[in-house]
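Me: I've got a new structure open. Can you walk me through how its pieces pack?

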Amino acid sequence: MTDNSHFVPQPDLVAKLGQTRTPACVMLINANDPSGAAGLTADIATTASVGGHPVAVVAGTYIRDTAQIFDYYALDDEAVMEQARAALEDLPVQIIKIGFVGTPENLSALAELMSDYPELPVVSYMPNLSWWEEERIDLYLDAFKELVLPQTTVLVGNHSTLWRWLLPDWDKDASPGPRDLAAAAAEVGVPYTLVTGIALPEQFVDNALASPETVLCSGRVELFDATFTGAGDTLSAALAALLATGCDLSEACTEALGYLDGCLEAWFRPGMGHVVPDRMFWAEADDSDKPTPDDEEPPTPIEFGLPPHDTKH
């Protein structure tokens, strides 16, 4: 695990925010997740936790629990764009973070929106889409690559996801490194790529922010003995929010990785599925007796003495 003690919360960030009357506005365009584990819910909680103001645009909704995604319903492109444009005309948005938006039509509308606001940096996160139909995955990835990546400032994704997407014909014995993936992304216009989950020996993984020329920063972490949902959205939203507050890219990446590590270390299991990052870990008392994920029991429901739902219709 990395040292996340500097995020309790960040003194420098608090000082920066204290100099302004309004937190930095971060536009989050993503799918709703009713389980609260990932998607727009994760974006909102993360952005607020690191000191930004979430400007949330719903692109659709997952039908899911904390264990798996069952289906997805997308809003049409007009509904998505009207949300975004209304907010952009009113609020001083500093950056846009794009998650999963569901359809090539929504991606096309997003590309038009970004071209109208070329001064805004864009953080794009590509999640694992293996739950979806293969034909839809291919159409979505092709449209994202053609329409969104040319206007993306930082691409964020897991090593294996980016490898399959950006370097499908890779035939070398060694797996591609972060600079290889950054070079593939740069071919379609992305200057920086944050690659997560790069396998290392002895239960460690690396996360690296790279350009085709160099690795700008990296963070090695020990694997947790748990299956998480929402880590990628948490990291990408934290990166976007930190950039919006005025951090430079390397500083924002280092802070975002430290923040994610703290969220994962303070995991909790809200349902019967995977564990979820605790995005408000820095605001809670230290619990040295926290159980392991396998030993944790679900909380006992609290009785509030409310009357039963016996209204006659």
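Me: Which residues in H6 meet H7?
Reply: His 159, Leu 162, Trp 163 and Leu 166 in H6 meet Leu 181, Ala 184 and Ala 185 in H7. Contact means heavy atoms within 4.5 Å. This is a predicted model, where local features need pLDDT of at least 70 and side-chain atom pairs count only at pLDDT 80 or more, while totals for chains, interfaces and linings use all residues. Residues are numbered from 1 along each chain as its sequence is written, and side-chain values use heavy atoms, with hydrogens and water left out.

Me: At what angle do H6 and H7 pack?
Reply: About 45 degrees, with the axes of H6 (residues 159–166) and H7 (residues 178–186) 10 Å apart. Axes are lines fitted to C-alpha atoms, for helices over the stretch in contact, and angles run from 0 to 180 degrees between N-to-C directions. Helices (H or I, at least four residues) and strands (E, at least two) are DSSP runs, numbered from the N terminus. H6 and H7 are therefore oblique to each other. Under 35 degrees counts as roughly parallel, over 145 as roughly antiparallel, 65 to 115 as roughly perpendicular and the rest as oblique.

Me: Is the crossing of H6 and H7 left-handed or right-handed?
Reply: The crossing of H6 and H7 is left-handed. A crossing is left-handed if the near helix is turned anticlockwise from the far one by less than a right angle, and right-handed if clockwise.

Me: New topic, the sheet. What is the strand order?
Reply: E3-E2-E1-E4-E5-E6-E7-E8-E9, an open sheet of 9 strands with mixed pairing. Two strands pair if DSSP finds at least two bridges between them. E3 and E9 (215–222) stand at the edges, each with a single partner strand, so one side of each is left without a neighbour in the sheet. From one strand to the next, the twist averages 20 degrees.

Me: What holds paired strands together, what bonds?
Reply: Strands of a sheet pair through backbone hydrogen bonds, either parallel or antiparallel.

Me: Do E1 and E2 run parallel or antiparallel?
Reply: Parallel, with 8 bridges joining E1 (residues 25–32) to E2 (residues 53–64). Asn 32 has Thr 61 in E2 as its bridge partner. Between E1 and E2 the chain goes through H2 (residues 39–49), and this β-α-β crossover is right-handed. That means that, with the strands pointing away from the viewer, the path from the first strand over the helix to the second runs clockwise.

Me: And E2 with E3, parallel or antiparallel?
Reply: E2 and E3 (residues 69–74) run antiparallel, joined by 5 bridges. Arg 64 is partnered with Ile 69 in E3. The hairpin from E2 to E3 goes through 4 residues.

Me: What about E7 and E8, how many bridges?
Reply: E7 and E8 (residues 204–210) pair in the antiparallel sense over 6 bridges. Ala 199 stands opposite Val 205 in E8. Their hairpin has 3 residues between the strands, and Glu 202 takes a positive phi near 60 degrees there.

Me: Back to helices. Which strands does H8 lie across?
Reply: H8 lies across E1, E4, E5, E6 (154–158) and E7 (192–200), running at about 165 degrees to E4.

Me: How far apart are the axes of H2 and H8?
Reply: They are 8 Å apart, and the two helices pack at an angle of about 40 degrees. That makes H2 oblique to H8. H2 passes H8 in a right-handed crossing.

Me: Which residues meet there, between H2 and H8?
Reply: Gly 39, Ala 42, Asp 43, Thr 46 and Thr 47 in H2 meet Asp 233, Thr 234, Ala 237, Ala 238 and Ala 241 in H8. By class, this contact of H2 with H8 has 4 nonpolar, 4 polar and 2 charged residues.

Me: Last one. At what angle do H8 and H9 pack?
Reply: H8 (residues 231–244) and H9 (residues 249–265) pack at about 140 degrees, with their axes 8 Å apart. H8 and H9 are therefore oblique to each other. Their crossing is right-handed. The contact of H8 with H9 has 15 nonpolar, 1 polar and 1 charged residues by class.

Methods
Ala, Val, Leu, Ile, Met, Phe, Trp, Tyr, Cys and Pro count as nonpolar, Asp, Glu, Lys and Arg as charged, and the others, Gly among them, as polar.
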